[in-house]
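Dear colleague,

Please find below the structure that I am handing over to you. My notes on what was found in it follow directly after.

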Amino acid sequence: MAGAVALAAVLAGCSEEPDPVSAPQGSLIDPAAAASVIADLAVELGEPGPAEVARWPDYFETNVEAIGVSDVGIRFLVDDAELSATLAPGQWAGVVDLSWRFADADRAPAQGEVSMIFSGRGDDLRIVGVGGGGRVAPLWLQTPVEVARGKHALAVVAGADAKTRAATYVHQADLGLRAVREVLRPATQGVVIEAPADVAQLERTLGTDPGSYRGIAAVTTPVDGSTAPGAPTHIFLNPAQFGSLAPRGAQVVITHEVTHVATGAATAVAVPLWLTEGFADYVALRGSDVPVTRAAAQIIAQVRKNGAPTTLPSDAEFAARTAKLGASYEAAWMVCTVLADRGGESALLQFHQRVMAGASVGPTLRKVFGISEAELVALWGERLLELAG
Ligand SMILES: [Zn+2]
């Protein structure tokens, strides 16, 4: 009933006079017709081909074929009154349970609740949009995409110059994977980069609040918003931020994100962010000839001003909207660099692997490097002071 109440408010508020005969309050919502359309869609996405009646956007099937989306399961659950109240007159929102897999890249299907926007009733009911309501919204259901394939990478791209950008991204992803493989054996079959048209579409894809990713170039996260180990994890780009990077910086970002994919960082539990972020930058910057004073310029400037830090960077220092985010990443990178210098790269790898597998930092530091956390902080502080001096 909540749906009917919210919808009445929408009709009352709209400028066109509602026709009391053809559109009595709440009559817009037609779950039975929606369930039937969704059932047809499920069949069609399993065997894409020309549909006789267009009851959803054409690009659904084009994208499914181009990407190789398999294992699609879709089921209508319920209407969403809150989201419906924000839509144009004549539209309403429903929630579907969706599972899907990119056949070439994802080892297991993703599964999540997704909002779908409907228009019309009965036999005329159509799907006119996907997304909103704080739920994830797969990019391939939101908009036509261009697809490019690399050796071990797949790029799915929307917006301007999508074809060219897709080709660039798969190249960067292949290079990133090559760099990662020089250091560790990735727990991944392939890398998927998804690039929405703009930051608003990125936030809609991930089901996050507007503004969440404005300042972020890229994020590696499960496509279905779950935190279950094994959930398909892709790299999502914020095209404006990522596009503003010089080629070398863009490659560092991609290699950093590929490291996250390869190590399962997005679903790791209770691993401090200084380690996941510092390790990803360690891999990304490993072959770089950028001098450390430049690669760590922001943290060095901070140390000149405030002295050496007395604790390892906290998780809060990596929150997307935090000021001095750049300095936090550099600080974390320096911790990993200090560890690699202390015990060798293989010791850093071993330490990282053990903590990712659930071991706690303190005892593992002792076991692998023979130092306490306080000693690590002191070594790291000394290095930062040296660089700042
Ligand atoms: Zn990262």
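Strand β8 (residues 218–222) and strand β9 run antiparallel and are joined by five bridges. Within β9, the residue that stands opposite V219 is F236. Please keep in mind throughout that this is a predicted model.

Strand β9, which covers residues 233–237, also pairs with strand β7 (residues 191–195). This second pairing is in the parallel sense and has two bridges. Here I193 has I235 of β9 as its bridge partner.

How many of the five residues of β9 are buried? Five of the five are, and the strand is thus described as mostly covered. In a regular strand, side chains alternate between the two faces of the sheet. On one side of β9 lie T233, I235 and L237, and on the other lie H234 and F236. Both faces are covered, as the residues on each side are all buried.

The other finding concerns two helices. The axes of helix α10 (residues 273–285) and helix α13 (residues 325–343) come within 7 Å and cross at roughly 75°. Angles of 65 to 115 degrees count as roughly perpendicular, and α10 and α13 are therefore roughly perpendicular to each other.

Which residues meet where these helices come together? From α10 they are W274, E277, G278, F279, D281, Y282 and L285, and they meet Y329, A332, W333, V335, C336, T337 and A340 in α13. Of the residues in this contact, ten are nonpolar, two are polar and two are charged.

Yours sincerely,
A colleague

Note on methods
Residues numbered from 1 in each chain as written. Predicted model: local features only at pLDDT ≥ 70, side-chain atom pairs only at ≥ 80, totals over all residues. Buried ≥ 20, exposed ≤ 12 C-beta atoms within 10 Å, placed from the backbone. Helix = DSSP H or I, 4+ residues; strand = E, 2+ residues; numbered from the N terminus. Pairing = 2+ DSSP bridges. Axes fitted to C-alpha atoms, helices over the stretch in contact; angles between N-to-C directions. Parallel < 35°, antiparallel > 145°, perpendicular 65-115°, else oblique. Contact = placed C-beta atoms within 7 Å. Nonpolar A, V, L, I, M, F, W, Y, C, P; charged D, E, K, R; others polar.
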